[in-house]
Amino acid sequence: MSKIVILTGAGISAESGIETFRAETGLWAQHRVEDVATPEGFARDPALVVEFYNMRRQLAAEALPNAAHKALARLEEEHNGDVLVVTQNVDDLHERGGSKNLIHMHGALNSALCAVCQHRWDAPVTMQVGAACPSCGAQAARPDIVWFGEMPYQMDRIFDAISRADIFVAIGTSGNVYPAAGFVAEAARAGAQTLEINLERSAVGAQFDEAQLGPATQTVPAWVDSILRRD
Ligand code: BV8
Ligand code: ZN
């Protein structure tokens with residue numbers, strides 16, 4: 001009855017055609033983080049930020065889940081134990097790939113948030129600046145995204161799951177952003193086996209017991225098969 005916690009990052013969606021953040025052609029090469037992924041940037045130029053997320057929502061809607069997303073859903077379905085996916089990604093490819101036990105710790109493109117009353121609703125494909133909140137009526141709609149300097153979502157639930165994990169796997173994340181990059185240290189402290197699946201070692205690669213390098217659409221299904229064979 002092993003408990004598995006899986007942290008995913010932009011690399012798991014790369015082969016679905018969604019840009020990662022830190023590749024040369026990545027999202028941060030085209031936009032300054034400070035301008036589009038901070039509350040200060042949103043306050044300074046809400047139209048730029050709303051447009052940035054409208055563009056990414058459109059790209060995510062056109063993308064398809066890949067073999068790695070589907071393999072994680074198969075693991076959740078067939079594994080004799082708990083499987084929790086904690087994603088830093090804001091696309092909905094894990095849901096569309098079949099994952100159910102899923103936490104979007106950095107928010108989601110398909111969700112809108114009221115900056116006044118914290119009400120959430122399904123985001124329109126194209127969000128307008130100052131759109132009215134369906135609950136309190138304030139013209140304060142914003143992308144339901146965790147920007148730098150904001151607290152990621154469901155941290156208690158995540159730390160609780162990590163403290164009880166037998167296996168912790170990080171897939172397609174460069175290990176640059178905290179608190180997510182600190183999860184492997186928590187998992188090791190809790191006595192979990194830790195594995196990194198990536199094209200190359202991440203910034204916290206040395207903290208993992210093991211690494212499997214290669215494109216996620218090949219490495220993730222192979223790893224899932226190895227787990228299900230042991231069940
Ligand atoms: C917080 C939403 C505190 C936006 C994101 C100094 C000043 C200010 C802050 C800090 C500071 N030092 C540290 C901090 C904290 C800061 C932080 O960590 N900064 C870093 C950059 C130094 N963190 C925060 O601000 C967090 N909040 O600390 O709050 C607090 C405390 C109390 C009360 C209130 C607040 C919030 C962090 C969340 C920010 N939002 N995303 C959006 O998506 O637009 S983070 C952003 O980076 C994305 O969400 C993404 O998930 C995340 C990490 O990127 P990766 O997913 O790892 O992607 P990346 O491109 O980097 O790497 C891709 C990887 O995939 C690579 O390793 C590559 O090799 C691999 N890959 C590529 N292709 C493939 C592949 N692997 C396999 N197969 C392939 N085919
Ligand atoms: Zn509201």
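Predicted model: local features only at pLDDT ≥ 70, side-chain atom pairs only at ≥ 80, totals over all residues.
Cys-136 is partly exposed, with a relative accessible area of 39%. Cys-136 sits in the loop between β5 (120–122) and β6 (141–145), and its SG atom is one of the protein donors of the zinc ion, ligand 2.

The other donors of the zinc ion (ligand 2) are the SG atoms of Cys-114, Cys-117 and Cys-133, and the four donors lie 2.3 Å from the metal. Along the chain, the donors follow the spacing C-x2-C-x15-C-x2-C. Cys-114 belongs to strand β4 (residues 107–114), 22 residues away from Cys-136, and the pair links distant parts of the chain. Where Cys-136 is partly exposed, Cys-114 is buried, with a relative accessible area of 0%. Cys-114 counts as buried because its value is under 20%.

What is the arrangement of the 4 donor atoms around the zinc ion (ligand 2)? The angles they subtend run from 104 to 114°, so the arrangement is tetrahedral. The ideal angle for four tetrahedral donors is 109.5 degrees.

Gln-118 is found in the loop between β4 and β5. At 46% relative accessibility, Gln-118 counts as partly exposed. Its backbone has a phi near 70°, a positive value in a residue other than glycine. Most residues other than glycine have a negative phi. Gln-154 also has a positive phi, of about 55°, and is not a glycine. This residue is in the loop between β6 and α8 (155–163), and with a relative accessibility of 41% Gln-154 is partly exposed.

Another backbone feature concerns a peptide bond. Most peptide bonds are trans. The bond that joins Tyr-178 and Pro-179 is cis, with omega at about 0°. Pro-179 is placed in the loop between β7 (167–171) and α9 (183–189).

The next part of the structure to look at is ligand 1. Which residues are the closest to it? They are Arg-22, Arg-56, Gly-149, Ser-174 and Asn-198, out of 32 residues that surround ligand 1. A polar side-chain atom of Arg-22 lies 2.4 Å from an oxygen atom of ligand 1. For Arg-56, a polar side-chain atom is likewise 2.4 Å from an oxygen atom of the ligand. Gly-149 takes part through its backbone, with a polar atom 2.7 Å from an oxygen atom of ligand 1. Taken alone, ligand 1 exposes 1,500 Å², and the protein buries 73% of that area. Helices α1 (11–14) and α5 (46–62) are the elements that give two or more residues to the shell around ligand 1. By residue type, this shell divides into 16 nonpolar, 11 polar and 5 charged residues.

Two further residues complete the tour. Ser-202 is found in the loop between β8 (193–198) and β9 (210–213). Is Ser-202 buried or exposed? It counts as buried, at 13% relative accessibility. The side chain of Ser-202 is joined to that of Glu-196 by a polar contact of 2.4 Å.

Arg-229 is found in helix α10 (residues 216–230). This residue is exposed, with a relative accessible area of 66%. The C-alpha atoms of Arg-229 and Gly-137 are separated by 53 Å, and the two residues are 92 apart along the chain.

Terms used: Residues numbered from 1 in each chain as written. Chains lettered and ligands numbered in written order. Heavy atoms only, no water. Donors = N, O, S within 2.8 Å, 3.2 Å for Na, K, Ca; no water. Tetrahedral: all angles 85-135°; square planar, octahedral: opposite > 155°, others 65-115°. Helix = DSSP H or I, 4+ residues; strand = E, 2+ residues; numbered from the N terminus. Buried < 20%, exposed > 50% of the residue type's maximum accessible area, 1.4 Å probe, protein only. Near = heavy atom within 4 Å. Polar contact = N/O pair within 3.5 Å; in protein donor to acceptor, adjacent residues only side chain to side chain. Areas by Shrake-Rupley, 256 points an atom, 1.4 Å probe, with all protein chains shown as cover. Nonpolar A, V, L, I, M, F, W, Y, C, P; charged D, E, K, R; others polar.
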